[in-house]
Amino acid sequence: MKIATMIRRKVVLFLLCASVLAPIVFYTDRLSIGSNSIVNNGFGNQVSNLGTGMEIAKLNVVKQEVTNPVKEPIGVVLADNLSNFSQDTVQKNNEAAEFNERGLILTKPVELEHKNRVLSEVPDRENGLNTEAFIEQVTQNAASKDALSLGEAKAEKRPALVQANKVPLPDLRVRQMKDQLIRARVYLDLSGTRTNAHYVKELRLRIRDVQRALGEATKDSDLPRNANDKLKAMEQTLARGKQIQEDCAGTVKKLRAMLHSAEELLHVHKKQTLFLTQLAAKTLPKGLHCLPLRLSNEYYNLEPAKREFGNKEKLEDPSLYHYALFSDNVLATAVVVNSTVTNAKHPGDHVFHIVTDRLNYPAMRMWFLANPPRHATIQVQNIEDFTWLNSSYSPVLKQLSSQSMIDYYFRAHKSASNSDSNLKYRNPKYLSILNHLRFYLPQMFPKLKKVVFLDDDIVVQKDLTGLWKIDMKGKVIGVVETCGESFHRFDRYLNFSNPIIAKKFEPRACGWAFGMNLFDLDVWRQQNITEIYHSWQNLNEDRLLWKLGTLPPGLITFYNQTIAIDRWWHVLGLGYNPHVNTRDIERAAVVHYNGNLKPWLEIGLPRYRGYWSMYVDYDQMFLRECNINP
């Protein structure tokens, strides 16, 4: 009886428990479905599934809260081989999602596909990009997203960022290594670093390693294979050095002082370089000083009958090709004549009218007597033989002989406040009337119709007879215009603050260059160009319209009297520009070494010297005696 009663009680209790626990079991089972799915798919899918992934069944017992969907956070995968983050940092970022100082979430990958996509954006270590640069790119490439706050699961709106240019910088590793050397030297000079002997020793070792790896490399392909390792090691050392520094304000102050000092030093060096370049341009090398002395001595040892040139009947023949060349440099003149004759199809039809000063007259004649050009006709004249060219006729000759002009060039005690900024205009070569003879061509050659003017710092590379076939269209001078660059305009050479200049000329008018120019002497005489030149020289007696030289008065005198010819006739810049296109040089009929870096000077640009020296016979007796070598 007792046993039956106990059995009934157990059955009742079992049914009672079942009626109470059944709803709980049912509710728990429904929850486990969503929980297992979230656990299996990871934290990333948990976040995304809350908004879009799976649909959670509504509970019948407890009323659900309605929440806004939360968007997936920005995922950045840090590869293990990136150098600028330590292993601890990588591990921390992989274990928990954090915000860095840019507001960017570092979290584990959401899916394998997402991981592969992000890893594909990680820059190659061989290209020299570190993790910091990569994060900068990801930050700039990120669109506007809602970031998940781990503590409160609250979305924060992030601003849209402009997509960055992903084109890698050229030779980035070379630049990084040079930058590292600069930073390392700065650290060595800081007080916080100097007190740490162990760090200073390590930093000096890293500097030597980077210097050896860098060597003379100018591009990444020149670097050795271990350059990346040296770069990483230096970066780690510099990162420790940054932590050592305590007095940031003092460091900034010192760096500013160093920067100011470096700028001042750079300014001083630029002024010194300009002065020394101008000085070198004015200085005659020892060999070129010896050459005219040696030639003059030889000339006066000749019998008078042997001092004359032949073919005098060709000197005034207008049917031939006549060149005017005014110079006191024997070797430079020889190169001009030799290069012209060498490239001429019919050398016998070419006539050279050379005018020099009294000092170099015997040397110039002796050179061409000893080295006569092939079949060409030579005339060498002394400028003092032009008796009509005197100060009463030529205003510029009167100005050049004045005491004020001499003081302008040779006075050495001028202060910086009253000196001209452009020292090239103070070159004493402008005191020579040889530079101004080009404005008297009709008076010098009264029986000629056309003349090609050549400077002594040019080299002729092609036959020039085609110049005489150019239709001048009633203009006086044929020129190659140089207004492709902004500084070759009229306002570069003339003083447009003066009302006389501003009224007559257009400041943006195209400039051109002397050096190789075709002159129609008949039109010159008709237009009375020489008198126009004289009138402007009288107006510029106090040098307020332009600085001294021949190009500014040339631009004024021949204003609206020029005809533009093809640029390949005359290529300029070999005396100052190291980047003249080689194809343009080889195509040119004439190349011009305008500027201070003349090919016969040691400061001449080596890249262009060969075009000039190929027309010099260094085995010639007088050159050997004066030790003039290539």
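**Entry 1: one residue and its neighbours.** I began with Ile-501, which touches Leu-494, Asn-495, Phe-496, Trp-536, Leu-545 and Ile-556 when residues up to four places away in sequence are not counted. Contact here means heavy atoms within 4.5 Å. I found Ile-501 in helix α17, helices being DSSP runs of H or I with at least four residues and strands runs of E with at least two, numbered from the N terminus. Ile-501 has a relative accessibility of 0%, so I noted it as buried. For that label I used under 20% relative accessible area, with exposed over 50% and partly exposed in between (1.4 Å probe, protein chains only). I also checked Leu-545: 44 residues separate it from Ile-501 in sequence, and the C-alpha atoms are 6.9 Å apart.

**Entry 2: what I am looking at.** This is a predicted model, where local features need pLDDT of at least 70 and side-chain atom pairs count only at pLDDT 80 or more, while totals for chains, interfaces and linings use all residues. Residues are numbered from 1 along each chain as its sequence is written, and side-chain values use heavy atoms, leaving out hydrogens and water.

**Entry 3: the whole chain.** I counted 23 helices and 13 strands. Of the 630 residues, 42% are buried. Taking contacts between residues at least 6 apart in sequence, I get 73% joining residues at least 24 apart. The accessible surface is about 36300 Å², and carbon and sulfur atoms hold 53% of it; the areas come from the Shrake-Rupley method with a 1.4 Å probe, and for residues only the protein chains shown count as cover.

**Entry 4: disulfides.** How many disulfides does the structure hold? I found 2, a disulfide being a pair of cysteine sulfur atoms within 2.5 Å. Counting bonded cysteines along the chain, the pattern is 1-4, 2-3.

Cys-290 is partly exposed because its relative accessibility is 26%, whereas Cys-626, at 4%, is buried.

In the disulfide of Cys-483 and Cys-510 the sulfur atoms are 2.0 Å apart. The torsion about this S-S bond is about -90 degrees, so I wrote down left-handed for Cys-483 and Cys-510. Cys-483 sits in the loop between β10 (477-479) and α16 (490-493), and Cys-510 in the loop between α17 (499-504) and β11 (516-520), so the pair ties together parts 27 residues apart in sequence. Cys-483 is buried, its relative accessible area being 19%.

**Entry 5: a helix pair.** The axes of α5 (residues 172-188) and α8 (residues 227-244) come within 10 Å and cross at roughly 35 degrees. Axes are lines fitted to C-alpha atoms, for helices over the stretch in contact, with angles from 0 to 180 degrees between N-to-C directions. The α5 and α8 crossing is left-handed, the near helix being turned anticlockwise from the far one by less than a right angle. Among the residues that meet are Met-177 and Tyr-187 in α5, and Leu-231 and Leu-238 in α8.

Entry 6: Lastly I looked up Arg-567, in the loop between β12 (562-564) and α21 (582-587). At 52% relative accessibility, Arg-567 counts as exposed. Leaving aside neighbours within four places in sequence, I found Arg-567 in contact with Val-480 and Asp-584.
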